[in-house]
Amino acid sequence: MVTAKLRTLVRALSPVTASSYALGSALTILAVLGFLVADRMFPPPTLPPSSVLVLDRDSTVLSAFLSTDERWRFISSVDDVDPDLVQAFIAKEDRLFYWHPGVNPVAMLRAAWNNLTTGRRTSGASTITMQVARLLEPKPRTMWNKLVEIVRAVQLELRYDKHTILSMYLTLVPYGGNVEGVSAASVMYYDKLPKHLSTAELATLVVIPNRPTTLRLHAAPVALRQARDRWLERMNALGLIDAERLAEAVAEPMHIERIATPRDAWHASVRAQRFSHGSTTVVTTLDKDVQRSADAILQNHMRRLRTLGITNASLVVIDNATSSYLAYVGSADITDRRARGFVDGVHAIRSPGSTLKPLVYARAFDRGILTPKTVLEDVPLDVDGYAPLNFDQRFRGAVSVEDALATSLNIPAVHTLHRIGVDDAVATLRSMHFRAFRPGKVVDVGLSLVLGGCGTSLADLASMYAAFARGGTWKPLRLLTSDRSDFPGVAICSNGAAWMISDILTKHERPDLPQGIDVTSRLPQVAWKTGTSYGRRDAWSFGYNERFTVGVWVGNFDGTGNANLTGSQCATPVLFDVFRMLESMKSSHGWLRRPASVDVRLVCSITGLVPADSCTDVVADVYLPERTATAVCSHRTPFVIDEHATTSYCTSCIPSDIPTRTAWYTTLPPALLSHMRAQGVAPTPPPPHSQYCPRMSSGTITITAPLAGKEYLLERSVDTKIRCAAHAPADARTIYWYLNDAFVAQSPAGSAVFVMPIQGTNTLTCTDDLGRSSTISFAVRTW
């Protein structure tokens, strides 16, 4: 009977049930469509702007930058956080996180019942997803806003997977003040990334977000420690940690001070952020330990330098193998606004002083023009009006290339640049991407280039010296680990030429050794070169070994010169201390080895050329067999003279009626001979040639001052005379001077005279006692 009644009831209700099901389905479809439309029209907010975190090569924090809304908020991915921290948050905030669709109805009903029965809010029902919705869109806590929060949570679940939502939570969870997210809290409170937290530290970060205002580290240490220990016990009960880890964590002291904002390698961090293409976590090639040690060394030396009126310095340390920065100190004190400490001296354009000389000599080695023992002329030089002087304004006469470079003489370097060509040097600097020589940029430089007559930076020059350490292969410097590391390199010189330069620059017996240091001191085994710009505005020192290159600049960012400022006394002491630090911290792989392309030969000690049979003193020299010229020395020349050494003869005038003999005399280039004559150290010249010789005397005479074709501006109110000088062959004794066809003076060969020119064009002629002459024209204008 009951069965029959039920069947009757079912038949009676069937039409109603079917119609109700159809209505419910339609309403459900409309609700879903309405939600999708609303979701498109009112999408949930995205993550707010993030702070930028700059790390060293080992992912240790260097610096941090506020977000645009002035918050410490770093992107925190689940993959970058200690798994125990993630599990602890889930266990504390939302144990069913991976099972609900953004909202937990059971938890909401339970919270509502508890709040109604107690008359106050005793528990919440917000899931992690709902908390993310609230953190993305903060609003007052009202019933309406709670409904909006629920809708937003569902929207988030539809748009993102659980992994992403959890990462958003870890990024936004509050820690009081302007600190948001576990990464920001970990860096600001513990100076480390969240994956490196201890158990006690991660438990601390788990309990703060529930009461971020009252449980601040520095405000309530006792309450915070109690909350931490309670949660550690809860983690043990849940099986997240064992008893041993619990005991260790409870015993760990509570760190109660917020650390200062990380600002290591500040200028490097600013530059890394600029070139990070919007990345919020920037990993650099820097080594934090090397960076801090280099910074401390520079600070220590600046205490002394500031007493001398020198206020700024910069420093870089380069890993030669990877061409990457290990240390980057843009200025000695970034907080010193008065001294413009905010300027990044690593990339500031300055005069390089003498630091480009090694490059010029290396290019000359590769051209086969010079070798280390080749003798150059350090005598007064005038090239089209450009007359450089040495740093000490002295001339040394004959000097070898290795001594000229080791002592940083200016005139031999200018003479060498003149021989290889300024265009060659400029092209090489362009190939190294020097900022002032970038392709397409018009560069107007001359022979002063090798003495600092151009603009370069500490970074540019450090990359060049690192190229010498790599055997002549230049590579761009890397600051970010994401920078290209497979750059093939540019050959700025051959491996052999680079080794020759390095061998010369390792010598300790040189004038740029800092005062108070002698060759018996423990000096680092490095090749180094100093430089001081015109007006003593910039002091440089660069050094390298097989593994590292170090560059130091010292000066004033405002360009003020200082009489105490030299590369040897201000920059090199810093350089040596940095290398000593590197030796103690990093192992070295030995010194640069001589390549197979370099061989050894004997050369004449007077000229550095292949010795002739007449050369009496020879020395060993290194050279490039496939490149170096093989010119034979001819500085000793045989002369046929009479037995009293009063007359010399040639094959056209050897007398048959008097006794003669052969004698050897030193013959030197005219410029060097003139200098030695002026110094009173000229070699004994051969006797005068026979006046009865039917052939003209060999050699030429050249007027060196004034310059041919030039205009000279003289003051009208005084009787200003012009200096006249000439280079004459060794057998010349007297020089006769004629101005505008009138005889005006005579002088010993190698000596200068002074004459009074006329306004307009002047013609100057000089003749030696053997009849050789030279004539030039120059102009004079008065004012």
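**Strands, helices and a few residues**

Modeller: Let us begin with strand S13 (residues 538-544), which is joined by seven bridges to strand S14 (residues 548-555), the two running antiparallel. Strands here are DSSP runs of type E with at least two residues, helices are runs of H or I with at least four, and both are numbered from the N terminus; two strands pair if DSSP finds at least two bridges between them.

Colleague: Before we go on, what kind of model is this?

Modeller: This is a predicted model, in which local features need pLDDT of at least 70 and side-chain atom pairs count only at pLDDT 80 or more, while totals for chains, interfaces and linings use all residues. Residues are numbered from 1 along each chain as its sequence is written, and side-chain values use heavy atoms, with hydrogens and water left out.

Colleague: Thanks. Which residue is the bridge partner of Trp540 in S14?

Modeller: Trp540 has Trp553 as its bridge partner in S14, and S13 and S14 form a hairpin with three residues between them.

Colleague: And how does S12 pair with S13?

Modeller: Strand S12 (residues 527-532) pairs with S13 in the antiparallel sense over six bridges, and these two strands form a hairpin with five residues between them, where Gly535 in the turn has a positive phi of about 80°. Ser541 in S13 is the bridge partner of Thr530, and Phe542 in S13 stands opposite Lys529.

Colleague: How many residues of S13 are buried?

Modeller: Seven of the seven residues of S13 are buried, so this strand is largely enclosed by the rest of the structure. Buried means under 20% relative accessible area, exposed means over 50%, and partly exposed lies in between, using a 1.4 Å probe and protein chains only. Asp538, Trp540, Phe542 and Tyr544 point one way from S13, whereas Ala539, Ser541 and Gly543 point the other way.

Colleague: In what order do the strands of the sheet come?

Modeller: Five strands form an open sheet in the order S7-S6-S14-S13-S12, with antiparallel pairing. The edge strands are S7 (324-329) and S12, each of which pairs on one side only, and the twist averages 10° from one strand to the next.

Colleague: Which helices lie against these strands?

Modeller: Helix H17 (residues 458-469) lies across S6 (312-319), S7, S12, S13 and S14, and runs at about 25° to S13. H18 also packs on the sheet, touching S12 and S13, and its direction makes about 75° with that of S12. Contact means heavy atoms within 4.5 Å, and the angles run from 0 to 180 degrees between N-to-C directions, with axes fitted to C-alpha atoms, for helices over the stretch in contact.

Colleague: How do H13 and H18 cross?

Modeller: The axes of helix H13 (residues 357-366) and helix H18 (residues 495-505) come within 9 Å and cross at roughly 135°. That makes H13 oblique to H18, since angles under 35 degrees count as roughly parallel, over 145 as roughly antiparallel, 65 to 115 as roughly perpendicular, and the rest as oblique. In this contact Pro358, Tyr361, Ala362, Phe365 and Asp366 of H13 meet Ala497, Met500, Ile501, Ile504 and Leu505 of H18.

Colleague: What about H12 and H19, how are they arranged?

Modeller: Helix H12 (residues 288-306) and helix H19 (residues 567-585) have axes that come within 10 Å and cross at roughly 150°, and they are therefore roughly antiparallel to each other.

Colleague: Changing topic, is Asp264 buried or exposed?

Modeller: Asp264 counts as buried, at 16% relative accessibility, and its place is in the loop between helix H10 (243-251) and helix H11 (266-274). Leaving aside its neighbours within four places in sequence, Asp264 is in contact with Leu62, Ser63, Ser269, Lys288 and Arg292.

Colleague: And where is Arg225 found?

Modeller: Arg225 is found in helix H9 (residues 221-237) and is partly exposed, with a relative accessible area of 29%. Not counting residues up to four places away in sequence, Arg225 touches Val250, Ala251, Glu252, Pro253 and Met254. Arg225 and Leu215 are 10 residues apart in sequence and 9.2 Å apart in space, from C-alpha to C-alpha.
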